[in-house]
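Work through the exercises below with the structure in view. Try each task before you read its solution.

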Amino acid sequence: MSVPILILKEGTEETKEKEARMQNINAIMAITETVRSTLGPKGMNKMLVDSLGDITITNDGAEILKNLDIENVAANMMVNIAKAIDDEIGDGTTSAVIFSAALLSNALELIEQDIHPKPITHGYKLANDKALAILKDIAEQISEEDDEVLKNIAKTAMNSKDVVGMKDFFADLALKAIKNISDKDGKTFTKVGNVKIVKAPGKSLHDSELINGVYVQKEKVSSSMPDKIKDAKIAVIRKKLDVVKTEFDAQIRIQSPADIQKFLDQEDKMLLDSLKIFKDLGVNMVVNSQDISDKFGAYLAREGIAAIKNLGDEDIKSVIKAVGANRVDDIKNLSQQDLGHAQLVKFEKLDKDEYTQFLGCKNPKSVTIVLKGGLDKILSTAEITLHDVLSVISKAMDTKSVVAGGGAVYLELAKRLKEYSNQISGKEQLAVSAFAVALEEIPKTLINNAGLDEIEKITELRAAHKSDADKWIGIDTINTSIGNNYTKGIVEPAALINHVIKSGTELANLILRVDRIISAKSSKPGID
Ligand SMILES: Nc1ncnc2c1ncn2[C@@H]1O[C@H](COP(=O)(O)OP(=O)(O)OP(=O)(O)O)[C@@H](O)[C@H]1O
Ligand SMILES: [Mg+2]
């Protein structure tokens, strides 16, 4: 009689093969349903209520997924993919989730026909590589001077966000901001992080403005320092401006009151030496990533020099880029070339916080958009939207490759992939076809969310993609019309579609390769 060998601890649950896949795929489908209805201009909003009762209303896929409290591991993987897309490209999270779920649901159908997951994942990988190659091939090339297209990219990203009446204004603001921080040869990558967004009180969002400089949430070291510094010569340093304390215990033998004075004078001398260096160079503003003592603050104030201290890394980087300074560790090495410049440095309270503003910087590589408006909620929504808009514009400027939205690009890719599947033999062919069908899920969802007839419109769209010249035919769900979306200005960076496809496929294949779920017995008290 054979004795059963126990490998897993008692209470461990094990789910195998088909059932394991079904469980994972069903969890992902369920999560997808929470964001599906938000896709596109006619998408709906979700009201998120957190455990404290705070309400956020949004249709941003990443924002919704971030706020779901999910236990299922597969569903959590999907949320993480969405977050990664949001970090990398700032837009397209909902699309990636919908596409990935469609790949999985189509795979499930194939599995039910007794096709092993291996040829399916292999077929999906082939289709993914082909789709990305086609995408590169059909995309339109633009230059960084193509302001019209770049603005349309911004407006397309805003079509699906609640910023009615602000699209043109925000598109202009965002484009100017990105142009200011990008190198003129357009070769270096534009970092969206170099555009700071600051929220300030004002009458309406239309009062928002682009500042050639940066705002740092810091107040001046001493109230007796000037409130404003015109024609600022700025030293950016990393040096504790305080009396240097010895690292070890030292005994100082003081034998007379004169010795005390000598000791204090010595301390003062170190500070006065630094002060002299600033004065000799004509520095009138000091920015320090370390501390400045009250005493030194008073010395600086007496000379009419303003200062801010203990700036974080991000703030220091922004200031350096805006004013064109070099950060110096040893003040003795500070020279004219290290100093930055701003037409005006101003200390001011905005809303509830104190800000130091570096204004009128020449050729700043870091700028600020000051969002103004009355209501907190409106400002926060505008901030999330502006982040998406800045991201898509910078991606388009860096990659200079754009495609038409409103489902056009997905329909064209689907069509070409179906043709490609004929060249593939075996079960992989079925997987490549299933991949093509999954791409159509984006236009189908856009149609459904607009309350239009899915079968009627998708058939019309497929039929319209006859020759290469029809590649940009898509649907405009704002005006409910089918036509060339590229000329209509519904455009997106090709890099965004590339990301949606790549991450969607990666997640689907990852899930399909799982054939066993082994869950340890819960160790939470009270749960068996
Ligand atoms: N006028 C329009 N008509 C039809 N579709 C449009 C129009 N404008 C934009 N779209 C499409 O809407 C889709 C984007 O919708 P949405 O912004 O809701 O989702 P996402 O970008 O995938 O995710 P998220 O913005 O939540 O990260 C894109 O496919 C885009 O082409
Ligand atoms: Mg979007």
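**Exercise 1. A charged pair in a helix**

Does Arg36 count as buried or exposed? Then find its salt-bridge partner Glu33 and describe the pair.

*Solution.* First, the ground rules. The model is predicted, so local features need pLDDT of at least 70, side-chain atom pairs count only at pLDDT 80 or more, and totals for chains, interfaces and linings use all residues. Residues are numbered from 1 along each chain as its sequence is written, chains are lettered from A and ligands numbered from 1 in the order in which they are written, and side-chain values use heavy atoms, with hydrogens and water left out.

Step 1. Arg36 counts as buried, at 18% relative accessibility. Buried means under 20% relative accessible area, exposed means over 50%, and partly exposed lies in between (1.4 Å probe, protein chains only).

Step 2. Glu33 is partly exposed, at 43%.

Step 3. The closest N and O atoms of Arg36 and Glu33 are 3.1 Å apart, and the two form a salt bridge. The term means a side-chain nitrogen of Lys or Arg within 4 Å of a carboxyl oxygen of Asp or Glu. Side chains of opposite charge can pair when their charged atoms come close.

Step 4. Both residues sit in helix H1 (residues 17-36), three residues apart, so about one helical turn separates them. Helices (H or I, at least four residues) and strands (E, at least two) are DSSP runs, numbered from the N terminus.

Step 5. Salt bridges also link Glu33 and Arg36 with Glu441 in a network.

**Exercise 2. A bridge across the sequence**

Which parts of the chain does the salt bridge between Lys199 and Glu383 tie together?

*Solution.* Step 1. The closest N and O atoms of Lys199 and Glu383 are 3.1 Å apart.

Step 2. Lys199 lies in strand E5 (residues 195-201) and Glu383 in helix H11 (residues 376-399), so the bridge ties together parts 184 residues apart in sequence.

Step 3. Lys199 is partly exposed at 33%. Glu383 is partly exposed at 25%.

Step 4. The structure holds 24 salt bridges.

**Exercise 3. Aromatic rings**

How many aromatic pairs are there? Describe the pair of Phe99 and Phe435.

*Solution.* Step 1. Apply the rule: rings of Phe, Tyr and Trp (its six-membered ring) pair if their centres lie within 6.5 Å; planes under 30 degrees apart count as stacked, over 60 as edge-to-face and the rest as tilted. The count is five aromatic pairs.

Step 2. Phe99 and Phe435 are edge-to-face, at 5.4 Å centre to centre with 80 degrees between the planes.

Step 3. Phe99 is in helix H4 (residues 93-112) and Phe435 in helix H13 (residues 427-439), 336 residues apart.

Step 4. Phe99 is buried at 0%. Phe435 is buried at 0%.

Step 5. Ring pairs join Phe99, Tyr124 and Phe435 into a cluster.

**Exercise 4. The ligand**

Which residues come nearest to ligand 1? How much of ligand 1 does the protein bury?

*Solution.* Step 1. Around ligand 1 there are 26 residues, and Gly61, Asp91, Thr93, Ser95 and Ser160 come nearest. A residue is near if one of its heavy atoms lies within 4 Å.

Step 2. An oxygen atom of ligand 1 is 2.7 Å from a polar backbone atom of Gly61. An oxygen atom of ligand 1 also lies 2.6 Å from a side-chain N or O atom of Ser160.

Step 3. Ligand 1 alone exposes 630 Å², and the protein buries 98% of that. Accessible areas come from the Shrake-Rupley method with a 1.4 Å probe; for residues, only the protein chains shown count as cover.

Conventions. Polar contact = N/O pair within 3.5 Å; in protein donor to acceptor, adjacent residues only side chain to side chain.
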